[in-house]
Structures are given as C-alpha cells and as structure tokens.
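Trainee: I'd like to learn how to read cores and cavities in a model like this one. Could you walk me through it?

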Amino acid sequence: MASFVPDFWHYAAMAVVVFGAALAQGVGGIGFAMFAAPVAALCFPQLAPGPLLTLGGFISLLTALRERAAIDWRAVGYALTGRAAGTLIAIYAMARFSAQALGLLFAVMILAAVALSLAGLRFAATPGRVSGAGVASGIMGTMTSVGAPPIAIVLQHAEPARLRATLGMVLFLGSIFSLAMLALANRYTGYHAGLALSLAPFLLAGFAVSSRLRQLLPPRAVRGVLLGACALGAVGVIAKALWMG
C-alpha cells in the first residue's frame, strides 16, 4: 500500500473528500476524520490512519488558533492525559488483537452516546469523564483516525467557540502523539506524510469556506452538526469493520 501512486481521478476524488471534511471540521469543530475516514476505509485505504491523522491534526490546530481565547486548558489537560493512555493501549491492541473488532465495539458505544444525547440527557464535563473520553479518543483515533466523538459527546453543551477551540487543541496535540507512536510501530512513513502534504491545499480551501459558514449557524445548529458527525463517524467505523472483516 505504501507504494501506491494515485492517478488523476483517484487523487481528485481524495481532494474532494479532504475539502468536504475540512469544511465540516471548520463549522462544527469536529468532522474531518469522521467525514473522511468512512470514505477512505472503502475507497482510499492509503489515507488511514496516518495521512488523515496528519491532516486532521493540522486543521484541528487551525480551528483552535482561530478561537484560541476560548480554549478550556483544564479540559485539554484532562483529555490529553487520557488520550496518551488510550494511544498506548491502541498500539498494543493493534499488534495483538483485531482492530476491526475493537473499532466496532467503540463505534457502537458512540452511537449509543449520540442516541442518549438526542434523547435530551446531559453529560457533565467532569475531570473523570473528560479523561475517560480521552482514553477512548486515543484508542479510536490511533486505530481508525476517528478520535473526536468521545470528547465531543462530553463537551457538546459548551458554548460553540469554546467547544471548537478546546476540541481543536485536544485533537491537534493528540494527533502528534498518535503519529509518533504509529511511526515507532512502522505504520507511518514518509510516503504517508508526503500524501498528506500534497492534499493540504484542499484542506486549507475547505477551512477557508467554513469561516463564513460558521457565522451563520446558531449554537443549536452547531450541536446538530456535532452529533450528526459523531454518528456518521461511528457508522463509518462499523462499515469499515464489516467491509474488512
């Protein structure tokens, strides 16, 4: 897979996916990997997890910096503590167990959490819950590149700017650790980094368009985008597990 060179139309399709995913990320604070990973799992497996983690980490940084004054650094710290632990668990699990089986389990859990959220239940963002969400994020993100849903569920009732900025910083810093561990496990190489770099202009274009759209969406709409993206990501992980199973 590492030697695969896409033709023009294959590359153009990847560019469209990256653009759309960046647009979703810029509007809702999450959505890049959750939009792109399901498509990548079925059509562009060379994008997951490394290149998507690279691009997702970059756009997460842009999201955080755009509203950096709203970052909740305490929540970032709690989430990253859990994320580091989850990443190590994921690396171990990827070497010992079926990634499809583990991804399927977590996807089902995310769908259950989304259903509870839509039912009107609220999740208080306590330190323990944020750290626990970080563990789940580290496992899912490292194995599938979809790591935002657990943290997004816990923080969903935060003010939109705080939600986007805090999630962005967690996902950016978490992606660095995940990529480092993948590289040590020889699952992230120069090929993957180069592919991500070549797609970066399309990511920037999608993010630029999102800057206008996010001003037009009220908090309730942002929450809807958030939960919809979470559900889409979970369904994508399930599809990937069933497709590859």
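Trainee: Leaving aside its neighbours within four places in sequence, which residues is Phe32 in contact with?

Mentor: First, the ground rules: this is a predicted model, where local features need pLDDT of at least 70, side-chain atom pairs count only at pLDDT 80 or more, and totals for chains, interfaces and linings use all residues. Residues are numbered from 1 along each chain as its sequence is written, and side-chain values use heavy atoms, with hydrogens and water left out. Contact means heavy atoms within 4.5 Å. On that basis Phe32 touches Val18, Ala21, Ala22, Gln25, Leu52, Leu55, Gly56, Ile59 and Leu203.

Trainee: Which residues have the most contacts inside the largest nonpolar core?

Mentor: A nonpolar core is a set of buried (under 20% relative accessible area, 1.4 Å probe, protein chains only) Ala, Val, Leu, Ile, Met, Phe, Trp, Tyr and Cys residues joined through side-chain atoms within 4.5 Å. Here the largest one has 66 residues, and Phe32, Leu47, Leu55 and Leu199 have the most contacts inside it. Helix 8 (residues 160-184) supplies the largest share of this core, nine residues. Helices are DSSP runs of H or I, at least four residues, numbered from the N terminus.

Trainee: Where does UniProt place the transmembrane regions?

Mentor: Its unreviewed entry lists several, including 77-95 and 167-185; such annotations may be inferred rather than shown by experiment. In the model, residues 77-95 are 100% helix, with the end C-alpha atoms 28 Å apart. For residues 167-185, the figures are 95% helix and 26 Å.

Trainee: Which residues line the second largest cavity?

Mentor: Ala37, Pro38, Ala41, Thr144, Val146, Gly233, Gly236, Val237 and Lys240 do, around about 40 Å³ of space. Helix 10 gives the most to this lining, with four residues.

Terms used:
Buried < 20%, exposed > 50% of the residue type's maximum accessible area, 1.4 Å probe, protein only. Helix = DSSP H or I, 4+ residues; strand = E, 2+ residues; numbered from the N terminus. 1 Å grid on protein atoms, 1.4 Å probe; cavity = no way out; pocket = protein on both sides within 12 Å on 5 of 7 lines; lining within 4 Å. Points joined across faces, edges and corners; volume = space filled by probe spheres on them.
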